[in-house]
Amino acid sequence: MYCLMTRATATVIFLLLFLHIQAQQAIDRSQVMEYLQNQQYDNAIGYLQPRINEKDPGQLQLLAYTYYLSGKAREAITTYEKVVALDSNIITAHQYLAALSIQTEAPTMAIPHYLQLLRLQPGNATVTRQLSFAFYAAKQADSGFVWLQRAYALNPADPKVVARLGEALLEHSEHQRADSVVRAFLATDSLQPSVIMVAVRSAWYLKDYARCDTLGNQLMELKSISLNTYAIVAAALYNLKKYKECIGIHEFLQSFQLQSEAVMYYAALSNTALKNYDVSNELLQTCIDLATSKSLDDYYCGKSTNYEGLRQYKTAIANLDTAYYLFRAPLRQYSIGRIYDVSLKNKEQATRYYKRFMQIADRNKKQEADIYKYLHSYVGK
């Protein structure tokens with residue numbers, strides 16, 4: 001009787017082990033890869049779900065990554081959380097959880113994952129930068145500034161860190177220190193527009209108008225557009241009495257089908273200084289129209305629609321950007337994102353503008369509320 005019970009027990013144990021092995025082998029990774037390569041994400045998810053061993057971090061990561069590729073952010077987050085619950089030292093899981101938290105506009109949720117990544121990878125400059133930016137996104141500027149300075153100490157050659165640190169120092173009225181930071185960077189890399197733009201501002205605060213001129217020329221050579229920055233350059237040139245160069249800023253923007261009220265104003269003053277009174281009056285009248293016309297936003301949007309119809313997408317975006325600069329209508333950010341999405345097939349840029357729209361949309365307005373709801377599912381799905 002004992003022997004029969006022992007054999008039965010042994011058979012049960014063997015069957016359980018066999019079934020466990022079968023479950024482990026049930027996932028055909030080549031099949032999963034075929035689904036992923038063909039972007040058949042729903043098929044891959046349907047294949048993986050019934051075969052996943054919930055106690056196996058590797059298998060869970062595979063499912064989480066498939067959710068991530070399919071755009072199912074919430075499901076990816078839930079699955080990656082299961083991974084770190086099993087093993088809190090898996091770096092890739094924390095990386096995706098942090099990134100997904102940022103993507104779903106929950107930067108506070110990203111912070112503990114970046115902190116854990118720094119425990120696992122002490123001194124990692126990229127993670128330190130990401131942690132800083134997460135604090136800023138979570139509106140914890142003091143902590144963001146602390147970590148931003150650490151990121152700079154770890155990698156002073158990172159243009160994203162340098163530009164953001166320069167901005168932060170200017171916000172703290174540390175103009176000389178901001179100028180030193182951007183100068184040190186530009187001494188070795190003078191081709192980063194984001195850093196040059198901060199350098200223009202720091203030079204302006206220090207009343208170094210000649211440097212504003214030099215930096216403005218660099219931006220124009222790079223064909224980089226920033227209406228606010230060029231307004232500062234124009235003001236600096238006017239103060240230097242370099243009137244023709246000041247007018248040149250206005251002409252440069254015109255070559256991109258753009259105009260800035262501030263730049264145009266200084267161009268008008270420069271024409272006055274050169275006794276070109278009629279030209280100055282025309283520019284000043286345009287400034288008046290820009291300042292008073294409630295229909296100007298519609299005019300720019302109409303031009304954008306025309307340029308989009310002509311497939312001149314960059315010019316269409318530029319007109320929308322000008323409209324937004326002048327009137328701050330959230331829908332212009334959505335329209336720019338739509339052109340990047342539908343016409344230029346640039347999902348990364350599209351998502352950036354979609355998120356800007358979502359941050360400033362007035363959900364008390366039906367059109368903006370409807371678009372917000374659609375984008376929330378689009379960006380987060």
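**Close-up views of a predicted model**

View 1. Glu-348 and Arg-352 share helix 21 (residues 347–360), where they sit 4 residues apart, about one turn of the helix. Helices here are DSSP runs (H or I, at least four residues), numbered from the N terminus. The two side chains meet in a salt bridge (3.9 Å, N to O). A salt bridge is a side-chain nitrogen of Lys or Arg within 4 Å of a carboxyl oxygen of Asp or Glu. Glu-348 is exposed, at a relative accessible area of 59%. Arg-352 is partly exposed, at 41%. Buried means under 20% relative accessible area, exposed over 50%, and partly exposed in between (1.4 Å probe, protein chains only).

The model is predicted: local features need pLDDT of at least 70, side-chain atom pairs count only at pLDDT 80 or more, and totals for chains, interfaces and linings use all residues. Residues are numbered from 1 along each chain as its sequence is written, and side-chain values use heavy atoms, with hydrogens and water left out.

**View 2. Confidence along the chain.** The protein chain averages a pLDDT of 88, and 92% of the residues score at least 70. pLDDT is the predictor's confidence in each residue, from 0 to 100. Over residues 1–24 the pLDDT is below 50; beyond near neighbours in sequence, this stretch has 5 contacts in the model. A contact means heavy atoms within 4.5 Å. Where pLDDT is low, the predicted coordinates should not be read in detail.

View 3. Lys-366 forms a salt bridge with Asp-370, the closest N and O atoms being 2.7 Å apart. Both residues lie in helix 22, 4 residues apart, about one turn of the helix. Lys-366 counts as exposed at 63% relative accessibility. Asp-370 counts as partly exposed at 42%. Glu-368 is also found in helix 22 (residues 366–380). Glu-368 is buried yet has no salt bridge; the nearest side chain of opposite charge, Lys-365, is 4.3 Å away. For charge, Lys and Arg count as positive and Asp and Glu as negative; His and the chain ends are not counted. Leaving out residues up to four places away in sequence, Glu-368 touches Pro-330, Leu-331, Phe-357, Ala-361 and Asp-362.

**View 4. A salt bridge between helix 3 and a loop.** The structure holds 13 salt bridges. In one of them, the side chains of Lys-72 and Asp-42 meet at 3.1 Å, N to O. Lys-72 lies in the loop between helix 4 and helix 5 (73–86) and Asp-42 in helix 3, so the pair ties together parts that are 30 residues apart in sequence. Lys-72 is partly exposed, with a relative accessible area of 27%. Asp-42 counts as exposed at 54%.

**View 5. The buried face of helix 2.** Val-32, Tyr-35 and Leu-36 are buried in helix 2 (residues 29–37). Seen down the helix axis, the buried residues of helix 2 fall within an arc of 95°, so they line one face. The arc is that of the directions from the helix axis to the C-beta atoms. Helix 3 (41–48) and helix 4 (57–70) are among the elements that cover these buried residues. Just after helix 2, Gln-39 takes a positive phi of about 55°.

**View 6. The largest nonpolar core.** This core has 42 residues, of which Leu-186, Val-195, Tyr-230, Ile-249, Leu-253 and Val-263 touch the most other members. A nonpolar core is a set of buried Ala, Val, Leu, Ile, Met, Phe, Trp, Tyr and Cys residues joined through side-chain atoms within 4.5 Å. Elements giving two or more residues to this core include helix 9 (141–154), helix 12 (193–205) and helix 14 (227–239). Helix 14 supplies the largest share, 8 residues. Apart from this core lies another, of 25 residues, among them Tyr-35, Leu-36, Tyr-80 and Ile-90.

**View 7. Two buried serines in loops.** Ser-260 sits in the loop between helix 15 (243–254) and helix 16 (261–273). Ser-260 is buried, with a relative accessible area of 1%. Beyond residues up to four places away in sequence, Ser-260 touches Leu-227, Leu-253 and Tyr-325. Ser-224 lies in the loop between helix 13 and helix 14. Ser-224 is buried, with a relative accessible area of 12%. With residues up to four places away in sequence left out, Ser-224 touches Pro-193, Met-197, Leu-219, Tyr-230 and Phe-252.
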